[in-house]
Structure formats: C-alpha cells, structure tokens
Amino acid sequence: QVQLVESGGGFVQPGESLRLNCVASGMILSMNDMAWYRQAPGKQRELVAAITSAGNTRYRDSVKGRFIIDMDNRKRTVYLRMNYLRPEDTAVYYCNANITTFDWRRQGYWGQGTQVTVSS
C-alpha cells in the first residue's frame, strides 16, 4: 500500500558528505512525522533525526550541527544531509514515515535501508 525507498548511501572518507533520500509512494493521503534511524553492526537501531509535518526537527546529540533533516511534501520525500562524516556514523540508515493513507489509516512504515560507510 505504501513503499519507502531510500537512496544516497555509499562509501566516503572522514570529513566528507552524503545526502540520503527517502521517497514514499502509494495510496498516501498525507505524510506526518518522518525520521531517519540507523543501525550499526551489533548495535540497536537508534534515532538519528526526526521532522514533523510542521517542520520541527530534532537530532541525536552526536549529529547535531552536522546533519540536517528536511522534507518535501509535494515530492513525498525526506532528506538527510550528512556533513563532516565520522567513522562512528557507519551504519545502515533507515527511513521511517508516519503516513495517513486514503482509507484514513495512520501508521508507520520502514524503508529497506541504505548502507553508509565512513572510513579512511
């Protein structure tokens, strides 16, 4: 009914930048809160950044000042701009979206994940 597709991951050196994209498709009436999570090997999935439909944002402390989350409702897309990447940012990054569909159901959806590797 709803699909989220992430892209933009890759292999970069410390200090470089990447932009992740997450495009939602399907029977979408409205996109509500959106977020990016990440999961490193052997660790739990953690919230990286979140944005509400009103544009309010929040970030985990370790990425504040380096990452920026943004959303384009018309394009059904949420972005994560990651600057000054560090080796500890290496993880699979997942998009999470709270979406209302045409049948007025509101629920969360996950993307398949995109790998980000930061290494010299």
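Biologist: In the hairpin of S7 and S8, which residue takes a positive phi?

Modeller: This is a predicted model. The hairpin of S7 and S8 has four residues between the strands. The positive phi there is near 55°. The residue that takes it is Arg76.

Biologist: How many bridges join S7 to S8?

Modeller: S7 and S8 run antiparallel. Within the pairing, Ile68 stands opposite Arg81 in S8. The number of bridges joining S7 to S8 is six.

Biologist: What is the order of the strands in the open sheet?

Modeller: Strands of a sheet pair through backbone hydrogen bonds, either parallel or antiparallel. Here the pairing is antiparallel, and the sheet has four strands. Their order is S1-S3-S8-S7.

Biologist: Which are the edge strands?

Modeller: An edge strand here pairs on one side only. One covers residues 2-7 and the other 67-72. They are S1 and S7.

Biologist: By what angle are neighbouring strands of this sheet turned against each other on average?

Modeller: The figure is an average over neighbouring strands, with direction ignored. That average is 15°.

Biologist: Which residue in S3 does Gln3 stand opposite?

Modeller: S1 and S3 run antiparallel, joined by six bridges. Strand S3 spans residues 18-26. The residue opposite Gln3 is Ser25.

Biologist: And in S8, what is the bridge partner of Asn21?

Modeller: S3 also joins S8, through six bridges. Those two strands run antiparallel. In S8, the partner of Asn21 is Tyr79.

Biologist: How many of the six residues of strand S8 are buried?

Modeller: Strand S8 covers residues 77-82. It is largely enclosed by the rest of the structure, because most of its residues are buried: the count is five of the six.

Biologist: What distance separates the C-alpha atoms of Ile69 and Leu80?

Modeller: The two residues are eleven apart along the chain. Ile69 is also in contact with Leu80. Their C-alpha atoms are separated by 4.6 Å.

Biologist: Why is the pair of Tyr94 and Trp110 edge-to-face?

Modeller: A search of the whole structure finds two aromatic pairs. In this one, the ring centres are 6.5 Å apart. Planes over 60 degrees apart count as edge-to-face. The pair qualifies because its planes stand at 85°.

Biologist: Where in the chain are Tyr94 and Trp110?

Modeller: The pair links distant parts of the chain, 16 residues apart. Tyr94 is buried, at 14% relative accessible area, whereas Trp110 is partly exposed at 41%. Tyr94 is in strand S9, and Trp110 is in strand S10.

Biologist: Which residue lies over the face of Tyr94?

Modeller: Ring pairs link Tyr37, Tyr94 and Trp110 into a cluster. A charged end sits over the ring of Trp110, 4.6 Å from its centre, and it belongs to Arg45. Over the face of Tyr94, at 3.7 Å from the ring centre, lies Arg45.

Biologist: Which side chain does a polar contact of 3.1 Å join to that of Thr100?

Modeller: Thr100 is in strand S9, residues 91-101. At 9% relative accessibility, it counts as buried. Beyond its neighbours within four places in sequence, its contacts include Met27, Leu29 and Arg105. The side chain joined to it by the polar contact is that of Asn32.

How values were computed. Residues are numbered from 1 along each chain as its sequence is written. This is a predicted model: local features need pLDDT of at least 70, side-chain atom pairs count only at pLDDT 80 or more; totals for chains, interfaces and linings use all residues. Side-chain values use heavy atoms; hydrogens and water are left out. Buried means under 20% relative accessible area, exposed over 50%, partly exposed in between (1.4 Å probe, protein chains only). A polar contact is a pair of N or O atoms within 3.5 Å; within protein, one must be able to donate a hydrogen and the other to accept it, and residues adjacent in sequence count only if both atoms are side-chain atoms. Contact means heavy atoms within 4.5 Å. Two strands pair if DSSP finds at least two bridges between them. Axes are lines fitted to C-alpha atoms, for helices over the stretch in contact, and angles run from 0 to 180 degrees between N-to-C directions. Rings of Phe, Tyr and Trp (its six-membered ring) pair if their centres lie within 6.5 Å; planes under 30 degrees apart count as stacked, over 60 as edge-to-face and the rest as tilted. A charge sits over a ring if NZ of Lys or CZ of Arg is within 6 Å of the ring centre and within 35 degrees of the ring normal.
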